[in-house]
Amino acid sequence: MKKNIKILPLVFTLLAGFACITPTPAPSPDDLVGSAVAATQSAIGGGGAETAVTPDGGQPLQTPAAATATGSAEVPATPEPACQPVHPGPQELPLPAAVAAVYEEVVRFKDVHDQTLATRPVGGMTFASQEFAHLAGSLGPGADALPIVYFSLQGGGTLRTNINNLQSDLAPAADLTSLIGAEGNPFIVYVTLDWMNQSVNRVFAGNYAAAASLTPALTWTPDPSAHIGNSIRPLAVRLAGGTAAGFWYTYTMEGIGNINFPPYNGLFYFDLSTLQSAEYIGTAHALGGISPDQTRIAYGAGQGGTPGLIRNGVTVRNLVTCQETTIPFNPSSNLGGGWMVFSPDNQLLAWTEASGPSNMEAAFRIRIARTDGASLFDSPIANMTTLLGGEAPDSLRPVGWLANHLLVLEAYLNVINRYVLIVWAPIPDQPLDPVLGAHQSFVMDGNFLGFVYP
């Protein structure tokens, strides 16, 4: 039986066991993060401090072509880009202005100061998840006017909206497996999987208002012998000049159970002008996450498959230069890692690792590291009781960064039989509120739905 216990928004300071490192005079943001390494290794319960990994020297995997000789003089050949395929360009985003959580078919927006901006009904929302909803506008017109697009199983599968708290149906969407959109923009991408017809995938892309008339931009039929999954999973939309230029996607496995992390295999970019895909990492590699600006990925080289699993360590790759840094997992994490999210400035990466005799008996830990390899935080979630005022979460995963110093975690608590969001400042010298001190957090009732942009 579901227990009807309400969690009220709160702000509290995490308790003893945290130490701050005195920063150097006039430190830069990077110096502030670096100065926290020693403190955060022992924070909350510690366990498993790791040796920092040095980058590979900054050398690209491919180098420009050598010079050629013409007569007695050498003429430089036209250099080829260091990293192939050429990256389409970074996504430029403002920092989020608020975070959205959904609970019992109601969405709540909260800003970085723990202030509720709006509550919005989403009747019929079947899956309370960011993979089945999109916040299709900004806060400019007001929190109530921001369109919410979401999936409902009602009517055999339907896309619905809430605009100014008026709910309406957009289009039929039977067998929808995922839905994303461009941040603060009405452009959406969603996938349907025809289970009865060779698991054919159809990917639709366009303005949500035109959902009823969209035709597939991409169609794919899985090859059962390829062992990469049976479904396309869109990851992010790239905007250029305010217009959708393409989207990033991977392959995953729908209908699989008893796994700790989603099996994402490969990374591809679909160009909406040419209707062609480019491969950035092949399906032999397991993808862990992509950065908000779409220039960095976290992945496991050579660890794809059905399901793909990142083991032993995560590799951070710059998709523009092909520079890579590998960060080892905690030695105890024999069941791999996943749920990898980059900070907006690409300086930090947070993720979850798992250990135990089996996936069904897994114990989890949270990791935070600089993307240059320095480990900043490593703790079993069983020790992270101060995030929730003394109660250890039963599951905990990073879902994104509200700011470069504010990590959002989604926690499940058996005691109340539901999820909550925790907005947490994990770095001692970068507190949530400088007046209150370091290591505060605030809590929202519900599942993570996404970020709201100004």
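Strands β9 and β10 form a hairpin with two residues between them. In its turn, N164 has a positive phi of about 55°. Strands here are DSSP runs (E, at least two residues), numbered from the N terminus.

This is a predicted model, in which local features need pLDDT of at least 70, side-chain atom pairs count only at pLDDT 80 or more, and totals for chains, interfaces and linings use all residues. Residues are numbered from 1 along each chain as its sequence is written, and side-chain values use heavy atoms, with hydrogens and water left out.

**Confidence**
- The protein chain has a mean pLDDT (the predictor's confidence in each residue, from 0 to 100) of 83.
- Of its residues, 80% reach 70 or more.
- Over residues 1–76, pLDDT stays under 50.
- For that stretch the model has 159 contacts (heavy atoms within 4.5 Å) beyond four places in sequence.
- Where pLDDT is low, predicted coordinates should not be read in detail.

- β9 covers residues 158–163 and β10 covers residues 166–172.
- The two pair (DSSP finds at least two bridges between paired strands) in the antiparallel sense, over six bridges.
- T158 has P172 in β10 as its bridge partner.

**The seven-stranded sheet**
- Seven strands make an open sheet in the order β15-β16-β17-β18-β19-β20-β21, with antiparallel pairing.
- β15 (231–240) and β21 (324–328) are the edge strands, and each pairs on one side only.
- From one strand to the next, the twist averages 30° (axes are lines fitted to C-alpha atoms; angles run from 0 to 180 degrees between N-to-C directions).
- β16 (residues 243–252) and β17 (residues 264–271) run antiparallel, joined by five bridges.
- Y249 has F268 in β17 as its bridge partner.

Key: Helices (H or I, at least four residues) and strands (E, at least two) are DSSP runs, numbered from the N terminus.
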